[in-house]
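I opened this entry to record what I looked up.

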Amino acid sequence: GVEEQIADRDVGADRAAGTPYFTHTENTFREDSVEAIPRLAILYKFPSGSVLKFLYGRAIKRPSFFQVTQNYLGARVENLEPEQIRTFEFNYIGAISSNVTLNTSLFANTLENLITRVVFFDDQNNYTTWSANAGEIVTRGLEIAILAKFTQNLSLELNATLQNTRDKRPGYDAIQA
């Protein structure tokens, strides 16, 4: 695993320069938390040569400079959390025969705190937009690959993936992909 940390940033903006609506705004973005980003792999090799793997990983994507600046200088000062992904995988690689190899994986991926743009019109039809953490997407699946080697120069590989992805944001939970 690794760790990630970002230093404080000063942000400023001038809006509507040269007009009666001119505004100057300044703010300091503070995000000094240290994020641990763990990864784990456990492999077991059977006497037959087959391999069983368990893989776990976590990753983050911090809000971009644009997202942070727009929120800190805009109408909504909303603290954005980093987007996160967690992944689990069980993988088996083994020989079915002397010429055929099977590679199969069961996996689960979870994306949380996804950052999206929110568009809002107030009662006077004024337009405002900002970034917000908006939800979670969960994917579960199975991958199978079969490699058949017929000769030194001729082989065939067949791959199939079956997955189910659910968007767990309110209003999106009935959508299946």
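Predicted model: local features only at pLDDT ≥ 70, side-chain atom pairs only at ≥ 80, totals over all residues.

**Strand pairing**

I looked up β6 and strand β7 (residues 83-95) and found them paired in the antiparallel sense over eleven bridges. Strands pair here if DSSP finds at least two bridges between them. Helices (H or I, at least four residues) and strands (E, at least two) are DSSP runs, numbered from the N terminus. Within this pairing, Phe-54 stands opposite Phe-90 in β7.

Numbering starts from 1 along each chain as its sequence is written, and side-chain values use heavy atoms, with hydrogens and water left out.

I followed β7 onward. It pairs with strand β8 (residues 100-112), again in the antiparallel sense, over twelve bridges. Arg-86 stands opposite Thr-110 in β8. I saw that β7 and β8 form a hairpin, with four residues between them.

**The hairpin of β5 and β6**

I went back to the other partner of β6. Strand β5 (residues 39-45) runs antiparallel to strand β6 (residues 51-61), and seven bridges join them. I checked Lys-45 and found that its bridge partner in β6 is Val-51. Five residues lie between the strands of this hairpin, and Gly-49 takes a positive phi near 100 degrees.

**Ser-50**

Next I picked Ser-50, which sits in the loop between β5 and β6. Is Ser-50 buried or exposed? I found it buried, with a relative accessible area of 6%. Buried means under 20% relative accessible area, exposed over 50%, and partly exposed in between (1.4 Å probe, protein chains only).

Which residues is Ser-50 in contact with, leaving aside its neighbours within four places in sequence? I listed Tyr-44, Lys-45, Tyr-92, Ile-93, Gly-94 and Ala-95. Contact means heavy atoms within 4.5 Å.

I also found a polar contact between the side chains of Ser-50 and Ser-48, at 3.3 Å. A polar contact is a pair of N or O atoms within 3.5 Å; within protein, one must be able to donate a hydrogen and the other to accept it, and residues adjacent in sequence count only if both atoms are side-chain atoms.

**Whole chain**

I finished with the overall picture. The protein has one helix and twelve strands. From the N terminus on, I read the order as β-β-β-β-β-β-α-β-β-β-β-β-β. Of its 177 residues, 24% count as buried.
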